[in-house]
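I have a new model open and want to get to know it. These are my notes, jotted down as I went along.

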Amino acid sequence: MKKPFDSQKNYETSMKRIGYVPRKEATQETYDRIGFMSGLEVHQQLKTKHKLFCHCPAGKFNDNDHIDSEVIRHMRPTLSEMGVYDRTALMEFKTRKTILYRINNDTTCTYEVDDTPPFPIDREALDIAIEISLLSKLNIVGEIHITRKQYLDGSIPTGFQRTAIVGVDGVIPLKNKDVHLIQLSIEEDACREISDVGHIRIYKTDRLGMPLIETVTYPELNNPDELKECCQYIRFLNRSTGKVRTGIGAGREDVNVSCKGGTRIEIKGVAHTRLIPELSHNECFRQWALLDIRDILNKSMKAETWKISHKKLNFYEFDFTYAPIIAAKDRKEKLIAVNLPGFKGILSHFTQPGQCFINEISDRLKVIACIEKPNLITSEDLCPQEKHEVMAKIAESLNADENDAQIVFWAKEDDVETALETIEERCKMAFEGVPPETRKYLLDGTTIFERVLPGADRMYPDTDSAPIPLDNEYLDNIRKNLPDSDVHDRTIQMLQWGVPDDTFTYIHRNNLYPLVSKIHKDLDYDPKFICCFLGQRLKFVEGHYTCPGTFDYNRIYDLLAFIKEQKIDKQFAYKMLPIVYQHPQMDFESVLSELHFKKISKEAIISNIPMFVNKFSQIGRTQCPDAKANWIMGELNSMALGNISMEELKNIVKEN
C-alpha cells in the first residue's frame, strides 16, 4: 500500500509558494506585490423614535424569550425588470430553507411582516441622513427615490429591503490621503438572526425596519491600516452628530477586498473595527492562494471536460472510527464518496491560516446543502480523522487515479443531490480563480462562505413609495444645524492642544469633543487635562468598574464644576471618578466622605515639612536629596491630595 499523502507538508509548501506572511510582518511592499485593493460599506443605525417606514418604536429590543406570534415563510426568487434571476436568490432557493419569525407586538406591526404597504419615510431619519451626507461633502440628490433591494435569505420578510440614495460623490480626509465616497443611502435594517441549523432559520423582528445609513467608499484603500482608519473616520463622523445609535450591532461594516487578478469579495457585517486589518489581510491572501490553485489546475486539465464521480458507501464495509460518521449511521443518513480527478494536493492547499481548499467546499455544503459541520472527511485532511487504510480502500472503490483526491460526506437522502452539485460547482470554480462571494467573519481573522455575491439585477423601483423632492430651503435649514467642526478639524485642534494621540479614538468614538469644548469654555480647564482625563482615566474606569445602566458623560462636567467651586485640586478628580462611575446618583459631598477627604490649607500642609525633614534624618535613610524629597512627599500625600497641586508641593519640599 502506498504511503499516505503528507497534507501538512503540502499545506506549508503552498503557503510558502504564494508568499504568505502574517499580518504583523506585512509591509506596504507586501500589499503592492499581491495588489491589495479595498473599499467599505459602513452601516450606522440612526437614533430616531420610530422605524423607517412605520410607527413602531426604534431601538426597543426584545431580549427575553417572550413572543406573541410566529410567522413561517418560504422564499422564492422572482424575475427582475430585465427578465433575469439574481444569482443569490437562486442559491437561497436551492437551500430549501424554512424561515421562522418570532414576533413581539411591542416592536412589530403588519408592515414588517409584509401585510400592509409602507408608511411615508420617517422625516427625522431622513433629516439625519442628509445632515451626515453634508458632513461627508456629498452632493445631495434632487429627489429621494425609494428602491427595493432583493434579499432571499429571509432576513427581511418582504424578500426585499427598501433603500434610497441621499448623497453622491463625497470625500473624507485621512492622515495621508483623501478617500472618495460613492454614495450615502438610507435604508431599513434587517431582522436579528437567532439560529440557522439545517433547513430552519429563525429571526427576531425587533430590529427589522430600524433606520440606518450606508456610506460607500471607492476601492481606494491600499492596505489594512488605511482601511481601519477610513472606517473609524466614517464612524466618528456619524457619531459627531449625536444622532446615531451606539453599542453592539449599531454600527456594522461590509469590507470589500480584492487582489491582483482576483474579484470583489464582501466580508459581511463586521461589528468591530479592530478586526478589519486581520480580516482584509487574510482575505487578500486567500484570493492570492485561489489564483495559485487556478494556475495549477489549468496546467493539467480543462474545466469543460472535468467532472466528479461518486458512489454510495455501505457503512458496514469499512472500519470507520470517526464519531460523526458513526452518528450519521445511527441517524440513517447516506454516506457518499466523491472522486475529484487531478485534485491531489489541491484540497490541502493553503487558503487562510488554519484553513485549506477543502474548507471552501465544506462551508458551501453547510450553507447550500444545509449539512451541518463536521460534514466531510477527505484524503488530504490536515488532521486525519480516519486511518489511511480506510481512505485507500474508498479510493480503490472509486477506481481513483494516483493524482485524484477523495471526499466522503454524509447527509439526509433529500440533501445528497444538492451536495453533489455543490461540490462539483465549487471545484469547477477553482479553474476560474476567485468566485464572487459574500463571506462571514470569524473572530480569529478568517472568513467562511455565507452566500453568492448579489448582482445588480436585485435592484428595482419601489412602486409603493412616491419620490420625495428636496428643495434648497429645506437643505439650508439642515445646514444651519451642522456641528461646528468635523472629525478632521477636531483632531487637528487636539494636536495643537498637545493631547496624546492615544486618547483620540476614545474621544471620537464616544463623541466627547463637544464635552471637552464645553468644559474648557465654561470652567476654564486646560483642554489637554480634560482630554487625558476622559481618554485615559475614564477609559480605564469603564474597563475596570461597573456602572448601573448607561453612564451619562455630562456627569464629568458636573464633577469638574464641583471641584472648581470647592477649590479642590483637579487631580483629586482621578480619585473621585471610580466612585462617581459606579454610583452616578451619589452627590459629590458624599463621594468626598467616602474617600475620607478633609479640607486642609496649603499653609497647614507646608508647616509639616520641617518635622518630616528632621524625622528623615533620624531614621538613618540615605541623604540623597531626591530620596529625601520623595519620602517626604509620600508622608504628606494623604493630607495634600486634593488640597494642593502635587507638582507645586514637590517644588516647595525641594526648596526646604
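**Two helices side by side.** I started with helix α14 (residues 513-523) and helix α16 (residues 554-565), which pack at an angle of about 20° with their axes 10 Å apart. The axes are lines fitted to C-alpha atoms, for helices over the stretch in contact, and the angles run from 0 to 180 degrees between N-to-C directions. I noted the crossing of α14 and α16 as right-handed, meaning that the near helix is turned clockwise from the far one by less than a right angle.

Next I looked up who touches whom. L515, K518, I519, D522 and L523 in α14 meet N554, I556, Y557, L560, A561 and K564 in α16; contact means heavy atoms within 4.5 Å. I sorted the residues of this contact into seven nonpolar, one polar and three charged. Here Ala, Val, Leu, Ile, Met, Phe, Trp, Tyr, Cys and Pro count as nonpolar, Asp, Glu, Lys and Arg as charged, and the others, Gly among them, as polar.

**Housekeeping.** This is a predicted model, so I kept in mind that local features need pLDDT of at least 70 and side-chain atom pairs count only at pLDDT 80 or more, while totals for chains, interfaces and linings use all residues. Residues are numbered from 1 along each chain as its sequence is written, and side-chain values use heavy atoms, with hydrogens and water left out.

Which peptide bond is cis, from K373 to P374? I found that the K373 to P374 bond is cis, with omega near -5°, and P374 sits in the loop between α8 (357-367) and β18 (376-378).

D114 isn't a glycine, yet its phi is positive, near 65°. I placed D114 in the loop between β3 (98-103) and α4 (123-135). D114 counts as partly exposed because its relative accessibility is 38% (buried is under 20%, exposed over 50%, partly exposed in between, with a 1.4 Å probe and protein chains only).

K332 lies in the loop between α7 (323-330) and β15 (334-340), and at 70% relative accessibility it counts as exposed.

**Whole chain.** I noted 22 helices and 23 strands, which are DSSP runs numbered from the N terminus (helices H or I, at least four residues; strands E, at least two). Of the 656 residues, 53% count as buried.
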